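Reader: Please show the model, then take the questions one at a time.

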Amino acid sequence: MTAAEKLNWEVVCRRDDLVAQSGVCARVGEAQVALFYLPGEEQQVYALNNRDPIGGANVLSRGIVGDVGGRLVVASPLYKQHFDLNTGECLEESGVSVEAYKVRIEGDTVLIRN
Amino acid sequence: MESKRVVVVGNGMVGHHFVETLVGKSAGAHITVIGEEPRPAYDRVHLSDVFAGRAPEELAMADRDTYKEWGVDAHFGDPVVKIERNKKEVVTQLGRRFAYDKLVLATGSYPFVPPVPGHENKRCLTYRTIDDLGEIKARAKDSRVGVVVGGGLLGLECANALQNLGLETHVVEFAPGLMGVQLDEGGSRMLRRKVEALGVSVHTGKNTQNIGKGDSCALKMEFADGSELETDMVVFSAGIRPRDNLAREFELAVGERGGIVVDANLLTTDSNIYCIGESALYDGRIYGLVAPGYRMAEAAAAQIAGEEARFTGADMSTKLKLLGVDVGSIGDAHGRTAGSISFVFSDEREDVYKRIVTSGDGKQLLGAVLVGDCSGYDSLLQYHLNAIELPPEPQALIAPAAGEAPVLGAAALPVTATVCSCHNVTKGDIVDAIDAGCCSVGDVKGSTRASSGCGGCAAMLKNLVDDELTSRGVSVDKSICEHFPYTRQELYHLAQVGETRTFDAMLHQHGKGHGCDICKPAIASILASLWNDHVLDTPHIGLQDTNDTFMANMQKDGTYSIVPRVAGGEITPEKLIAIGQVAQKYDLYTKITGGQRVDLFGARLEQLPPIWQELIDAGFETGHAYGKALRTVKSCVGNSWCRFGVQDSVGMAIRIEDRYKGLRAPHKLKSAVSGCTRECAEAQSKDFGVIATEHGWNLYVCGNGGMKPRHADLFATDLDDQTLISYIDRFLMFYIRTADRLQRTSTWMDNLEGGIDYLREVVIEDSLGLAAELEAQMTSIVGTYQCEWKTTLRDPDKLKRFRAFVNSDETDNGVVFVKEREQIRPARAEERLRLVASSK
């Protein structure tokens, strides 16, 4: 990784702050980002904006993660729509989505692309 | 056009059914109902339930308000005494006059009392109305022995009632056997064996000659054969006679042995006067069952509404439970048809008797008798009613020989076949309901009312629905979700048998993929009811809905509400003050719940632990308002304060709530305890409700409020404290083991084959031999109870989850409150924009 590339990644939190098979929330600038930790997967960590666009509250980090039709998803705790962890798309309502962020783990550190 | 004036004389079950049917046809008729009894129609068929603890009001089928709503003019307690046919008017005892265009006589019948000397003694009663019940009850108070005269259907019902009142009970019958109309000699003999085994003495072939003063009891009955029987009271239930006095007096044709003569249009000899129910004589026959009466009511209502409809007789087959004994009778039970042949099976070890009567070639079923086991009744009835050709070895239908008796497949039934005779639902109606979108037994039941009467057709209905769905290519997929090809019940067994304690192990052994928001909470709940580990223990994290994870209820803006446990709704002033102080300190919105607790709204995620620390310090524990678990046990104040209370309902509510608090179940569970039959705690709207009686507690099960309210069913009566608790233990654990995900107790029971009777067998009679195991499992769960909040507050790792952000101490700026009526509430979108703009 070049220095320039490294510059685009920002440290969010430590691996310890994550909860396996579940979500937590972090502040990245003004944004609230939901981080989902799936240690069994190749990518291990996924990031979506924490705001549920349907319920209108910052709650996605508190949903249940799983897979539906082969896609990794989180279910909103408010009205149970599923959001794709990779793309942020809502499975139930086409056209609705949340922002998905690039995120990775390096050693003990969780990094997000800004 | 002026609306047609229809006057209905009599407000029994059939009269009421007529009104209901005619109202449903919106034929623009103006209906007047005149009933002799002081109350609107009630369910006479279940009269004896009152002695088993059911309140008389529960038998009501109609009420004044409903009639008002329907625009029906109803008058009770003032019988019609005169018909002025030339003027087309009726006159009541109080002299009121009502004009009619069409008159409907639904005057029913009265109990026949043989003219034996002494029958007018005040200790000789009849059994027909709610008022009769009151008199029987009152008389039983100073009686030790009771005799029922009449060994027919009603007589045995009545014997059941006397037994329930604690009397030494005798049945005296003139004929040589019990239920001679419905049963053949063999069936009658078997019924007698069973009834006697239940402690009822049966005396047949007895012709009562005199009722005089007794020596050891109040009365002595003397029989023609010289024998005698001493008793304290006599109840006559020796058959019914049609109430045809109005017809006789006002010159309508009546039969030689009574009954108002009607034709297939249900018209009497006056073309403006109909007669329906037990007072009608059609084709020389009185129909003394409710179902044929209903058919008459429907036909008459259709005629008055201008439709084509006729009554051409009705099937008198019947299935019932008498004194707990299953009895079924179909068609020609005695084999009186010329050329008929019979097949008989009798098992005196198990006390089962079955007989079928077929045509000489063995192809058509003409009749049947079943005593002690009615499991084949539904199939047999269908063979009989629809003239379906019998299998080549018809005896296999009743012989338990090798394996199962062949069950008549639902597919073989014609569309006209009646599946539910209580509500007259045919196979065609059920197929239509499925075409209209019903895709479960519950849906079909809701839409057609099939199987919601006596419930006898439940198995047939399920069979039919499954069959129809399968034939339409709707695979009846019972998988809980795409990750587990099992039902919740199957998963429960897999976890229990495999002693599996984690979701990962379940997924690895029985599922695929990662799981989802359906199977994760479902399996977490199963594991909790099996092993009762803390919901936030590492392997269980991520399995729960947010409410369970954070042990509070998420509201629309992402904040939570908090409900501390207030067992039985009893709370000290000190504790109330403590709740108030916490609410004040954290500025929480405060509301009293329907379950007699206090709900505190508007707590942010990170505020939950400090709030709970203060509540626990004040002596509170978690109320599990967030869980699919026991919520609250509501109570009324009971006999400690109330003038009417007969037991300590608050004490019992607290005992129950403390026992089952934290119990995880397929859905939330609610309960209540009332201190008397006034039922102020609304126990009959709960999953399990308890109502105090003078002798103990009545237990009701499977009720609920909410979207589809349902009254709970009376399950057991006059229980002592310990029995009550052990029945609830078994009931709850059996529900937890066998219900589907998110299935409340009422739908669970509706889907159990055999319904409440089956449930009683399992819980009370221990038919599955499970009772001890169920109780042991409950004891183990009760023993491992922990206040989840107390445990959480002691564990820094668990507390880590209660942070708004893992990398910042800021709070969620999306949560904005405004004040309304002096308390906070979440800001609406437009209010939020305004507030955020002005703060910048």
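Author: Helices (H or I, at least four residues) and strands (E, at least two) are DSSP runs, numbered from the N terminus. The model is predicted: local features need pLDDT of at least 70, side-chain atom pairs count only at pLDDT 80 or more, and totals for chains, interfaces and linings use all residues. Residues are numbered from 1 along each chain as its sequence is written, and chains are lettered from A and ligands numbered from 1 in the order in which they are written.

Reader: In what order do the elements of chain A run from the N terminus on?

Author: Chain A has one helix and 12 strands. Read from the N terminus on, its elements run α-β-β-β-β-β-β-β-β-β-β-β-β.

Reader: What percentage of the residues of chain A count as buried?

Author: A residue is buried if 20 or more other C-beta atoms lie within 10 Å of its own, exposed if 12 or fewer, and partly exposed in between, with C-beta atoms placed from the backbone. Chain A has 114 residues, and the share that count as buried is 45%.

Reader: How many residues does the contact take from chain B and from chain A, and how does the side of chain B divide by class?

Author: Two residues are in contact if their C-beta atoms, placed from the backbone, lie within 7 Å. The contact takes 24 residues from chain A and 23 residues from chain B. Ala, Val, Leu, Ile, Met, Phe, Trp, Tyr, Cys and Pro count as nonpolar, Asp, Glu, Lys and Arg as charged, and the others, Gly among them, as polar. On the side of chain B that touches chain A, the residues divide into six nonpolar, nine polar and eight charged.

Reader: Which residues does B:I130 contact, leaving aside its neighbours within four places in sequence?

Author: B:I130 lies in helix 3 (residues 130-140) of chain B. B:I130 counts as partly exposed because it has 17 C-beta neighbours inside 10 Å. Its C-alpha atom is separated by 8.7 Å from that of B:Y42, 88 residues apart along the chain. With neighbours within four places in sequence left aside, B:I130 is in contact with B:Y42 and B:P56.

Reader: Within what arc do the buried residues of helix 21 of chain B fall?

Author: The buried residues of helix 21 (residues 755-763) of chain B are B:L759, B:V762 and B:V763. The arc is that of the directions from the helix axis to the C-beta atoms. Seen down the axis, the buried residues of helix 21 of chain B line one face of the helix, because they fall within an arc of 85 degrees.

Reader: Which helices are included in what covers those buried residues of helix 21 of chain B?

Author: The cover comes from chain B and includes helix 19 (721-738) and helix 20 (745-751).

Reader: How is helix 19 of chain B oriented to helix 22 of chain B?

Author: Axes are lines fitted to C-alpha atoms, for helices over the stretch in contact, and angles run from 0 to 180 degrees between N-to-C directions. Helix 19 of chain B and helix 22 (residues 771-783) of chain B pack with their axes 8 Å apart, at an angle of about 90 degrees. Angles under 35 degrees count as roughly parallel, over 145 as roughly antiparallel, 65 to 115 as roughly perpendicular and the rest as oblique. Helix 19 of chain B is therefore, relative to helix 22 of chain B, roughly perpendicular.

Reader: How do the residues of that contact of helix 19 of chain B with helix 22 of chain B divide?

Author: Helix 19 of chain B contributes residues including B:L732 and B:F734, and helix 22 of chain B contributes residues including B:L774 and B:M778. By class, the contact of helix 19 of chain B with helix 22 of chain B divides into six nonpolar, two polar and three charged.
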